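Here are my notes for anyone opening this one for the first time. Have the model up next to you and go through the points in order.

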Amino acid sequence: MAITRPINPLSTPPTSLLYCKSSSDFSIHLKPSNLYGRQRFVASLSDKNPISPSTFSDHKFDHQANLSKNKYEDIIQTLQQHRNWDGRMLCHYQNFWFPVGDFQGIISSQNNFNAHETDIILATMPKSGTTWLKALTFSVVNRHRYNPSTDESPLLISNPHDLVPFLELDAYRADENPNLESIPPPRIFATHMPYRVLPESIPRSECKIIYICRNPLDQFVSHRHFLLTNRFQPDEEPLSLEQAFEMYCDGIHPFGPFWDHMVEYYSAGQKEPNKVLFLKYEELRKDVVSSLKKVAKFIGVPFTEEEEKKGVIEEIGKLCSMKNLKRLNVNKEGNWNGVVANSSFFRKGEVGDWKNHLTDSMAKKVEMILEEKLCGFGLTFESYINS
C-alpha cells in the first residue's frame, strides 16, 4: 500500500511513523520513504486479532513471514557477535559480518523481495563507488526522460541515495514487506549484501546485477573517514587506525570479509556474464566513457551512434562526476535517512589516497592477503597497491 506525492518538507522527521487507527482489528502505520525522487508513504499493519489476520489487496500480510522485532533480536542472540572498531555491534551470518542494525532489513529482503526481470541491482562494499554508480546508472537508464545536458536531472536536487534505494538499508529496514510493485520499470535497487546473501529471487530471475569493487586499501580508508564523520555510536570511543586495520585484515568489518565479497560476485560474473557485470572503480575513473557504454549495453539500453556523436555519454559523465555532485547544495547540506550527512558521501574519490594514511607494511599485508584469497580467480589489484 503506497501513496505518492511530490517532494515537500515533512512536518515530522523522515524516520518517524504516522499512526492511523483504522478499526478495532488492525492499525496502519505510514512510514515516509523517499523512493525515485518522490515522497512515498509505505503502509505496514499491526494486527490486533491474530486469529483473523487483516489484509489489503496490495499488501501481503502473513503472521508466519512477518517476524516481530523481538524475533529478529532473538535470532541475533544466536549468532556470533563482535564489536566493530567504531563501536557498533556486528553479527556473523552466512559467513559474513553485518551491522546488527542492518540485520532486520537483510532478513526481510531475503524473505520478501520479489525481483522482476527488468530490475537492476547495484551491489557494492561500502565506500567502493556506490554513490557514483547509483548516479551513473540512474542517468543512463533515464537519459531519454531527463536530458543530462540540461537542468532536468533529479540528481541536481536529490542525493543519489534518494533516487536509488538500498534494499536492506532503505526499503526493508523498517518495513518487513513494503509494496515496491508501484515503482515503474526498470526498478533500480542497491545493496551491500554479499552474493550468497542476496534474496533468492535475484539470482533466479532475469534481472541484472552490476557490481563495482575498489582497491581494498582505498576502500578501508574511505569507509573509516565515513564512519568517523557520522559516528553512529557517539558514546563509544573509536579504536585506533592500526587496530581498525587489523580487524579489517581479519575480515571483521561491515559486510566483510572484503575478499569473499569481491570473489563471489566476480565468480558469478565469470559464470554468467549476461547476469553479473563486474566493474573496478579504478577503471571507471580512468575511462568513464568506455565504462558507461559497457553498462548501457549490459542493461539493454545501449547508446546509439547519434547519441555518441552528440556527446551524451560525456554529458552523463560530467553530470555524475565527483566534482559536480560535490558542489550541489543537496549534497552539501542535510542528511540521508535522518542520520548520514549527505556531504560524507563526497570526500575525495581518488585512486591511491590510501598512501596518505597507511604505511607500506600495511599495504604489503593486504597484498599478501589478496595473493592468498584471490589466487586462482584471475582477480587482481596489484597495480593499484604497488603503484
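1. Start with the cysteines. Cys207 counts as buried because its relative accessibility is 1%, whereas Cys375 is exposed at a relative accessible area of 59%. The cut-offs here are under 20% relative accessible area for buried, over 50% for exposed and partly exposed in between, with a 1.4 Å probe and protein chains only. How many disulfides does the structure hold? The count is 0, a disulfide being a pair of cysteine sulfur atoms within 2.5 Å.

2. A word on what you're looking at. This is a predicted model, in which local features need pLDDT of at least 70 and side-chain atom pairs count only at pLDDT 80 or more, while totals for chains, interfaces and linings use all residues. Residues are numbered from 1 along each chain as its sequence is written, and side-chain values use heavy atoms, with hydrogens and water left out.

3. Now the core. The largest nonpolar core has 103 residues, and Ile202, Ile209 and Ile210 have the most contacts inside it. Such a core is a set of buried Ala, Val, Leu, Ile, Met, Phe, Trp, Tyr and Cys residues joined through side-chain atoms within 4.5 Å. Leaving aside residues up to four places away in sequence, Ile202 touches Cys207 and Ile209, and its contacts also include Phe113, Ile121 and Lys275. Contact means heavy atoms within 4.5 Å.

4. Strands (E, at least two residues) and helices (H or I, at least four) are DSSP runs numbered from the N terminus, and two strands pair if DSSP finds at least two bridges between them. Strand 8 (residues 120–124) and strand 9 share 4 bridges; Ala123 has Thr191 of strand 9 as its bridge partner.

5. Buried or exposed: which is His261? His261, found in helix 9, counts as buried because its relative accessibility is 0%. Its side chain makes a polar contact of 2.9 Å with that of Tyr211. That term covers a pair of N or O atoms within 3.5 Å; within protein, one must be able to donate a hydrogen and the other to accept it, and residues adjacent in sequence count only if both atoms are side-chain atoms. His261 and Tyr195 are 66 residues apart along the chain, yet their C-alpha atoms are separated by 7.2 Å.

6. Helix 8 (residues 241–249) has Ala244, Phe245, Met247, Tyr248 and Cys249 as its buried residues. Their cover includes strand 5 (81–83), helix 7 (216–230), helix 9 and helix 16 (360–373). Just after helix 8, Gly251 takes a positive phi of about 85 degrees.

7. Strand 5 and strand 6 (residues 89–93) pair over 3 bridges, and strand 6 and strand 7 over 4 bridges. In the hairpin of strand 6 and strand 7, with 2 residues between the strands, Gln94 takes a positive phi near 50 degrees. Strand 7 is covered on both faces: Phe96 and Phe98 on one side and Trp97 and Pro99 on the other are all buried.

8. Last, Ser109 in helix 2 (residues 103–112). Ser109 is buried, with a relative accessible area of 0%. A polar atom of the Ser109 side chain lies 3.0 Å from the backbone oxygen of Gly105.
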